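Please walk me through this protein in the viewer. I would like to know what to select at each stop and what is there.

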Amino acid sequence: MLLKEIYDRGHYAFTAGPLSWREAIRACCAPLMADGTIEPIYAEEIIACVEKHGPYIVLIPGVAMPHSTENATGCNATAIGFMRCSEPVSFEQGNPERDAQIFFTLCDTDQETHFANMAKLYSILTDDAVVAKLKLATRAQDLLEIDKLVQGG
């Protein structure tokens, strides 16, 4: 259901070619900026957090969850965006455990909806088959097909 919501809202991106981690953060925020869910400053807030705290947003190898704090500057609504990069993005040179190829970008102004989104995201990230398919996704329609796997259908 989460991937369908991301699809329906147009909150997805697929990139080609290598990106620095800062470029990747800005790229994964772009679909959320397109409809005003976030403002450009939100991407810079995330970058500042990673510069200050390190690559905490890389949850598991291959998967990053860029986010800032609740009600962060430039965050206008609660939503999750998805981005798949054609090439892994390095957050820590020489440490492939800190590379990411898929990004789930979080923004939060409503804690209840945010927790519901987190529960949906948990069901995705704890399914190795789903994560593997997301790493291979190349088009928006792939999100709908993968969403059916999450739903058990």
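The tour below starts with the whole chain and then goes to selected helices, residues and pairs.

**Stop 1: the whole chain**

Keep in mind throughout that this is a predicted model. Show the chain as a cartoon and colour it by secondary structure. The protein has six helices and five strands. Going along the sequence, these elements come in the pattern α-β-α-α-β-β-β-β-α-α-α. The radius of gyration is 14 Å, close to the 15 Å that the globule rule gives for 153 residues, so the protein is as compact as a globular protein of that length.

Now switch to the C-alpha trace and turn the view. Along its principal axes the trace spans about 40 × 35 × 25 Å. Of the 153 residues, 44% are buried. Among contacts with a separation of 6 or more, 69% are between residues 24 or more positions apart.

**Stop 2: helices α1 and α4**

Select residues 2–9, which form helix α1, and residues 111–125, which form helix α4. The two axes come within 9 Å and cross at roughly 115°. This angle makes α1 roughly perpendicular to α4, because angles of 65 to 115 degrees count as roughly perpendicular.

Show the side chains where the two helices touch. From α1 there are L2, L3 and E5, and these meet N117, K120, L121 and I124 of α4. Sorted by class, the residues of this contact are four nonpolar, one polar and two charged.

**Stop 3: K120**

Stay in helix α4 and select K120. Is K120 buried, partly exposed or exposed? At a relative accessibility of 24%, K120 counts as partly exposed. Apart from neighbours within four places in sequence, K120 is in contact with M1, L2 and E5. Select M1 as well and look at the two C-alpha atoms. K120 and M1 are 119 residues apart along the chain, yet their C-alpha atoms are separated by 7.7 Å.

**Stop 4**

Side chains of opposite charge can pair when their charged atoms come close. Searching the whole structure gives six salt bridges, and the next stops visit some of them.

Select D8 and K4. Their side chains meet in a salt bridge, with 2.7 Å from N to O. Where do D8 and K4 lie? Both are in helix α1, four residues apart, which is about one turn of the helix. K4 has a relative accessibility of 41% and counts as partly exposed.

**Stop 5: a salt bridge between two helices**

Next select R22 and E51. Here too the side chains meet in a salt bridge, at 3.0 Å from N to O. R22 belongs to helix α2 (residues 21–34) and E51 to helix α3 (residues 40–53), so this pair ties together parts that are 29 residues apart in sequence. R22 is partly exposed, with a relative accessible area of 33%. E51 is also partly exposed, and its relative accessible area is 48%.

**Stop 6: strand β1 and T15**

Select residues 12–15, which make up strand β1, and pick out T15. The relative accessible area of T15 is 17%, so T15 is buried, a term for values under 20%. Which residues does T15 touch, not counting those up to four places away in sequence? They are A27, M83, R84, C85 and S86.

**Stop 7: helices α5 and α6**

Select residues 128–136 for helix α5 and residues 140–150 for helix α6. They pack at an angle of about 175°, with their axes 10 Å apart. The two helices are therefore roughly antiparallel to each other.

**Stop 8: D142 and R139**

For the last stop, select D142 and R139. What do their side chains form? They meet in a salt bridge, with 3.1 Å from N to O. D142 is buried, at a relative accessible area of 16%, whereas R139 is partly exposed, at 44%.

Terms used
Residues are numbered from 1 along each chain as its sequence is written. This is a predicted model: local features need pLDDT of at least 70, side-chain atom pairs count only at pLDDT 80 or more; totals for chains, interfaces and linings use all residues. Side-chain values use heavy atoms; hydrogens and water are left out. A salt bridge is a side-chain nitrogen of Lys or Arg within 4 Å of a carboxyl oxygen of Asp or Glu. Buried means under 20% relative accessible area, exposed over 50%, partly exposed in between (1.4 Å probe, protein chains only). Axes are lines fitted to C-alpha atoms, for helices over the stretch in contact, and angles run from 0 to 180 degrees between N-to-C directions. Angles under 35 degrees count as roughly parallel, over 145 as roughly antiparallel, 65 to 115 as roughly perpendicular and the rest as oblique. Contact means heavy atoms within 4.5 Å. The radius of gyration is taken over C-alpha atoms; the globule rule is 2.2 Å times the number of residues to the power 0.38. Ala, Val, Leu, Ile, Met, Phe, Trp, Tyr, Cys and Pro count as nonpolar, Asp, Glu, Lys and Arg as charged, and the others, Gly among them, as polar.
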